[in-house]
Amino acid sequence: MADALTNTDLQGALPLIARGKVRDLYEVDDKTLLFIATDRISAYDVIMENGIPNKGVLLTLCTKTWFKILTDAIPSVRTHFITLDLPPQIPASLRPVLQNRSMQVRKLRILPIEAIVRGYITGSAWNEYKKSGTVHGIKIAPGLRESEAFPDGPIYTPSTKAEQGEHDENIHPDQAAAILGEHASTVANLAVQLYKAAHAYALSRGVIIADTKFEFGVDEETNEVVLADEVLTPDSSRFWPKDDYEIGRGQQSFDKQFLRDWLVSEGLKGKEGVRMPDEIVQKTTEKYKEAWEKITGGN
């Protein structure tokens with residue numbers, strides 16, 4: 001099995017700004033960042049000790065494809081993406097491993113909200129609904145079954161954006177509005193619009209996007225809201241095979257649900273220092289690759 005890239009070292013070529021759960025961010029210049037998607041994988045807000053080989057390349061190419069699909073569908077959408085080309089400062093010896101897992105992006109003021117959109121009731125939303133008839137505190141029609149589409153269309157269900165090692169917290173849209181201020185309605189409306197466009201496209205490729213999360217930033221020069229980070233990858237979305245979809249039960253997923261299920265079955269949910277066995281790495285790799293190939297055609 002190929003080695004996974006779980007850490008980056010640019011040998012001083014660019015200053016490191018931050019390391020996230022998956023991405024390492026470097027500063028190219030005062031208006032540009034280099035996002036490098038490593039092969040790290042996290043589940044239940046904990047990063048596994050070993051990674052998923054080539055995952056960062058799949059995430060990056062998938063995101064680039066989605067940016068084009070979304071901007072074609074909604075021409076007014078702006079994204080932070082500039083190019084997959086590496087900046088000239090990167091040494092020749094590092095270029096082969098960094099190419100196609102790195103993108104140069106515009107620096108933005110990132111908004112402190114995960115803009116989650118749910119089209120179907122599943123996961124934490126289903127758990128909350130069973131207890132209280134609500135999702136993120138929003139009253140939902142009674143009588144829904146697990147994995148059913150929301151009767152009035154997709155809903156915006158934001159969460160806070162936690163520091164690494166902390167847990168994101170599901171919040172009501174009104175709480176998000178208080179945090180986001182003047183940009184709140186733009187973020188809410190745009191997130192739902194983007195989900196609808198993505199859902200329609202994926203459905204035509206045999207994939208149901210059950211839910212996904214978007215991140216947005218603000219261009220300080222124009223005050224415009226800009227789509228940022230990675231989009232519609234198996235890390236940030238729940239993908240279901242359309243052919244196998246059935247209301248009233250949990251669904252098979254093209255994402256890290258396989259890893260989550262293994263952690264739960266082994267009593268390792270939320271534990272630090274977990275190393276995935278080769279079989280789990282292999283099966284998770286296959287799920288990511290399958291999602292990528294279905295949605296992008298493998299290009």
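This is a predicted model: local features need pLDDT of at least 70, side-chain atom pairs count only at pLDDT 80 or more; totals for chains, interfaces and linings use all residues.
Close-up 1. Sorted by class, the contact of H6 with H7 comprises 4 nonpolar, 1 polar and 1 charged residues.

**Close-up 2. Relative orientation of helices H6 and H7.** Helix H6, spanning residues 257–265, and helix H7, spanning residues 278–296, pack at an angle of about 150°, and their axes lie 9 Å apart. Since angles over 145 degrees count as roughly antiparallel, H6 and H7 are therefore roughly antiparallel to each other.

**Close-up 3. The open sheet of 5 strands.** The strands follow one another in the order E1-E2-E3-E7-E6, and their pairing is antiparallel. Strand E1 (16–19) and strand E6 (81–83) are the edge strands, each of which pairs on one side only. On average, and with direction ignored, neighbouring strands of this sheet are turned by 30° against each other.

**Close-up 4. Helix H1 on the sheet.** Helix H1, made up of residues 55–73, packs on the sheet and touches E3, E6 and strand E7 (102–106). The direction of H1 makes about 45° with that of E7.

**Close-up 5. Pairing of strands E2 and E3.** Strand E2, which covers residues 23–29, and strand E3, which covers residues 32–37, pair in the antiparallel sense over 6 bridges. Within this pairing, Asp-24 stands opposite Ile-36 in E3.

Key:
Residues are numbered from 1 along each chain as its sequence is written. Side-chain values use heavy atoms; hydrogens and water are left out. Two strands pair if DSSP finds at least two bridges between them. Helices (H or I, at least four residues) and strands (E, at least two) are DSSP runs, numbered from the N terminus. Axes are lines fitted to C-alpha atoms, for helices over the stretch in contact, and angles run from 0 to 180 degrees between N-to-C directions. Contact means heavy atoms within 4.5 Å. Angles under 35 degrees count as roughly parallel, over 145 as roughly antiparallel, 65 to 115 as roughly perpendicular and the rest as oblique. Ala, Val, Leu, Ile, Met, Phe, Trp, Tyr, Cys and Pro count as nonpolar, Asp, Glu, Lys and Arg as charged, and the others, Gly among them, as polar.
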